[in-house]
Amino acid sequence: MEFGIDYLIAVAVSSMTSASILIIASLGLAIIFGLMGVINLAHGEFIMIGAYTALFASKVGIPFPVAVCFATLITALFGAVIERLIIRRLYGRILDTLLVTWGLSLVLYQSAVLLFGSVTPGIGMPLANVQIGNYTISAYLLFLIFVAFALSVVTYVLLTHTNYGIMARAAIQNREIAASLGIEAGRINTITFAYGAALAGFAGGILLPAVPATPNMGFAFVIKAFLAVVVAGPVALTGTVVAGGALGAIASATSSFWTTVAGDIFFFVATIVILRLFPQGISLRWRLKL
Amino acid sequence: MKQQILANKFQTHAYGRAGANAWWFMPTALTICLAATSFFLEPYMAHIATCWIIYGLLGLSLDLVWGRSGTLSLGQTALFGLGGYAGSIVAINFAHLTGNTLIWSVPVGAFVGALVAAGLGWFIFFGRMGPLQIAILTYTFTLILWTTSVSFSAKIGSAVVGGDNGMSNIPSLIIAFGENAQSLEPNDMFLVVLLISAGVYVSLRALMGSPFGLICDCIRLEPVKTELLGYDIRRYQTAVFIIGGSIAGIAGALYGGWANYLNPSIFSVQEALLVPIYVLVGGRGTLAGAFLGAVAVGGLSFWLGGGVIGSQTTIIMGICLILLVLFLKKGLLGAAIDVWWWLRHSRTSGEEQTSGSKDAVQIDSDLLDQFLLRNGKKQQGVLETKQASKKFGGVVAVDRVSQLFRPGQLRCLIGPNGAGKSTFLRCCTGTYKLDGGVIIFGGQDITTWEPFARVKAGIGIKMQLAQVFDEFDVRQNLWVAAYSRTKNRQSADQAADKMLAMLGMIRQQHNPASELSHGQQQWLDIGMVLCLSPTLILLDEPAAGMSVEEKRQLSQLVRTLAATASVVVVEHDMEFVRTLNAEVTVLHQGAVFAQGNIEDLRKDERILDIYLGRRKNVRDI
């Protein structure tokens with residue numbers, strides 16, 4: 001097989017797209033883990049809720065961008081309810097939150113199977129295609145690269161340069177001291193969890209043209225998203241963007257040259273090797289805030 | 001809290017406590033009763049119940065790893081499935097040689113489970129991964145198997161592994177030999193599986209009742225402290241993981257023979273979810289609870305009509321897991337044991353109460369010398385650091401510290417909060433690895449040694465917060481420390497008794513360590529360190545929480561110890577430092593700021609400046 005320059009560019013672009021999709025899907029997980037110390041194994045199902053909401057909203061004629069906002073809002077509300085009912089009883093018990101959200105994940109997955117069946121129709125790409133030599137790439141996928149970048153920057157600024165972000169980080173670092181400074185830790189934590197859920201819902205909506213809504217879409221996303229977050233370590237947000245971006249892009253390139261299975265196996269093996277070298281994550285010694 | 005400790009006594013050890021308990025009585029009686037039912041159970045019921053017991057065995061493997069040694073593995077079904085596939089493949093190919101299938105499938109299942117667990121265990125424990133990383137990695141491992149096994153087809157001898165179609169024609173359980181050996185009837189299969197499971201359970205209980213089990217409990221309670229007692233926790237954790245893997249493999253092999261068919265759904269998320277549910281329903285850490293949980297969950301889904309895993313069953317299981325973690329943390333058996341202990345304890349509470357105050361410390365320098373002899377002779381616990389440095393991100397916590405600690409020279413480290421005193425001690429014990437510089441102990445370069453190896457070489461540390469094993473009683477705490485050095489039960493008994501007498505804690509020896517006051521926990525921790533026969537003793541704020549009288553006794557003890565061993569004391573209490581009459585080193589911002597005797601240093605304006613945060617000398621350091 002000849003690798004023309006147009007092929008290499010197409011592979012590079014599709015790798016960046018895959019990486020962007022992974023980053024969009026992982027951000028909410030990274031926020032909830034980084035700010036609250038909670039591993040949300042139901043994150044994939046939060047994405048699924050966003051995807052189905054956006055799907056049904058656009059089915060009834062709501063314009064797609066509005067449908068995405070709607071999906072974000074619904075998932076955020078759902079996240080807030082889950083935080084109030086379940087998560088807030090478990091702060092500081094990381095493995096317990098992992099088990100609880102695992103249970104939640106299966107409940108949501110099975111409910112979706114019962115409600116919607118295991119296959120649902122997708123929606124078309126909203127934007128036209130772009131030609132690179134002999135290869136065509138959807139402009140929407142290129143747009144996702146921009147979305148991933150913008151979403152990461154907005155989230156970083158929101159959590160490091162606003163009052164809310166500073167309070168949120170204070171509330172999780174030391175609940176008592178934050179409370180004695182007049183920060184309502186409980187309310188802040190609900191907002192943070194809802195924000196993480198909103199990111200998941202937004203991901204489900206914005207990715208809908210690329211990733212159709214199915215009950216098991218969560219599993220597909222969430223494994224790589226977890227691994228990105230675990231590889232990232234303590235500086236959760238930046239670390240996840242770097243780890244998810246790099247691992248996603250290289251795995252995608254691998255699967256372009258060989259097979260999808262080879263790409264997946266590469267992802268897992270790379271993760272395991274990195275964790276062996278940096279058991280606490282790659283960002284242990286970084287000096288960023290988040 | 002008290003109830004919990006009492007309940008835990010039920011499952012912990014006779015070591016370091018008087019009286020053996022007849023723990024094997026209950027499981028034996030129960031096994032006999034269940035075995036008797038196999039003669040009149042309905043065959044269909046017996047068939048279903050066999051599966052519950054097999055799942056109970058799988059749950060047991062997780063309860064060992066998670067409940068006893070504290071590692072949450074979400075990969076037990078992976079080991080179960082691999083053991084099942086391997087055992088069944090061998091049974092398909094070789095069973096015709098003997099007629100019997102069990103002697104092929106079960107050992108192979110156990111071996112493959114153990115082998116894979118050994119590989120995983122080496123990776124996660126020797127890589128020193130945290131609990132979260134371990135949970136995620138084992139979960140990933142299961143999912144990789146799920147995705148690859150769906151597309152994995154191969155023909156191994158006469159066994160056909162058909163990807164998503166699974167592997168059929170797995171021979172049933174046969175225990176007779178010869179060509180005419182018949183498959184077991186459901187009721188006999190129930191009996192055989194029951195007896196195998198009971199055998200595994202009893203062996204495991206016996207193992208966990210030995211010092212090995214005690215050390216596993218230590219690792220669950222305080223992994224860092226356990227390593228600082230000189231135990232290589234990585235080896236213990238890997239060993240436990242391997243034993244768990246072989247139990248899961250045995251369960252998998254039995255499952256293959258029971259179902260006659262295996263497919264990739266054995267690696268699915270739904271299957272993996274059930275294992276922690278069994279453990280949580282039954283009661284984490286109880287071992288027997290795993291079987292109770294498997295029967296309760298199996299019975300529930302049977303009653304719901306799903307048979308195995310129907311569609312609604314997944315939802316109900318998910319909700320069960322959430323409710324269990326939120327509301328019934330100790331499971332059915334755990335709750336039952338609590339109630340039982342509470343009833344028993346409320347009847348006898350009058351006699352068991354012992355006085356809270358501790359007797360005076362009896363310092364016997366001959367006895368101390370005996371403790372500090374290693375292999376019958378005194379060794380030189382000389383520690384030298386050269387340009388030792390440690391950074392955290394951009395903060396230099398220890399900045400090129402060069403110090404020499406020798407026996408006979410008591411040394412105090414002082415300095416304001418954040419001066420790097422505790423960090424420096426942790427660098428000496430290996431809890432933190434140096435970023436630069438060298439540490440030499442007893443003539444050997446130990447810079448890269450793991451903490452347990454340094455402890456074995458003779459470094460003992462009492463950390464800033466007294467670290468004791470809350471659920472153990474006072475004597476068991478000392479016993480575990482002594483056993484680390486002696487590796488002999490009788491010698492450890494003797495050492496623990498002598499140390500109890502010296503600490504003046506004989507009356508409290510059966511009290512849980514969590515009930516001691518802060519000062520008493522300090523004494524207990526110091527006693528544990530002394531049980532290790534250290535030649536270099538590092539004491540981080542030993543006087544915190546002690547009364548004036550206790551401080552006086554401590555000062556005398558420290559000075560006596562310093563005659564034989566190298567002793568370094570970090571302390572904020574200047575009056576206490578003065579009574580030690582030692583050379584004092586002042587640390588400031590990680591570096592050595594001044595050195596000399598306490599009276600001279602007290603006159604030094606610069607030291608007052610750094611303690612009080614006054615401007616003059618703070619900036620230019």
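Student: Which residue of β10(B) stands opposite B:C412?

Tutor: That's B:V569. Before we go on: this is a predicted model, where local features need pLDDT of at least 70, side-chain atom pairs count only at pLDDT 80 or more, and totals for chains, interfaces and linings use all residues. Residues are numbered from 1 along each chain as its sequence is written, while chains are lettered from A and ligands numbered from 1 in the order in which they are written.

Student: Why are β5 and β10 of chain B called paired strands?

Tutor: Strands here are DSSP runs of E with at least two residues, helices are runs of H or I with at least four, and both are numbered from the N terminus. Two strands pair if DSSP finds at least two bridges between them. β5 (410-414) and β10 (566-570) of chain B have four bridges and run parallel, so they meet the pairing rule.

Student: How do you know that β8 and β12 of chain B are edge strands?

Tutor: Look at the strand order, β8-β9-β10-β5-β11-β12 (chain B), in an open sheet of six strands with mixed pairing. β8 (459-462) and β12 (591-597) each have a single partner strand, so one side of each has no neighbour in the sheet. For β8(B) the link to β9(B) is four bridges, with the strands parallel, and B:K462 has B:L539 as its bridge partner. Neighbouring strands are turned by 20° against each other on average, direction ignored.

Student: What makes the residues of β8(B) count as buried?

Tutor: Buried takes 20 or more other C-beta atoms within 10 Å of the residue's own, exposed takes 12 or fewer, and partly exposed lies in between, with C-beta atoms placed from the backbone. B:I459 and B:I461 point one way, B:G460 and B:K462 the other, and all are buried.

Student: What does helix α16 of chain B lie across, and at what angle to β9(B)?

Tutor: α16 (421-429) lies across β5, β8, β9 (536-540), β10 and β11 (583-588) of chain B, at about 150° to β9(B). Angles run from 0 to 180 degrees between N-to-C directions, with axes being lines fitted to C-alpha atoms, for helices over the stretch in contact. Contact means C-beta atoms, placed from the backbone, within 7 Å. α21 (548-564) of chain B packs on the six-stranded sheet too, touching β5, β9 and β10, and makes about 145° with β10(B).

Student: How do you know that the length of α20(B) fits a helix?

Tutor: The expected span is 1.5 Å times one less than the number of residues. For the 14 residues of α20 (518-531) that gives 20 Å, and the end C-alpha atoms are 20 Å apart, so the two agree.

Student: Why is α20(B) called largely enclosed?

Tutor: Because twelve of its 14 residues are buried. Among them are B:W523, B:D525 and B:M528. The buried residues pack against α15 (365-372), β8, α18 (474-486), α19 (489-503) and β9 of chain B. After α20(B) comes B:S533, with a positive phi near 50°.

Student: What makes β3 and β4 of chain B a pair?

Tutor: Seven bridges, antiparallel, between β3 (383-392) and β4(B); at least two would do, so they pair. B:F392 stands opposite B:V395. They sit in an open sheet ordered β4-β3-β6-β7 (chain B). β4 (395-405) and β7 (444-445) are at its edges, each with a single partner strand, so one side of each lacks a neighbour in the sheet. α16(B) touches this one as well, at β3, β4 and β6 (436-441), making about 65° with β4(B).

Student: Which strands form a hairpin, and how many residues lie between them?

Tutor: β1 and β2 of chain B, with two residues between them; B:G157 in the turn has a positive phi of about 60°. β1 (153-156) and β2 (159-162) pair antiparallel over four bridges, and B:S153 has B:G162 as its partner.

Student: How many residues of chain B touch chain A, and which helix gives the most?

Tutor: There are 31 residues of chain B in contact with 31 of chain A. α6(B) gives the most to chain B's side, ten residues.

Methods: Contact = placed C-beta atoms within 7 Å.
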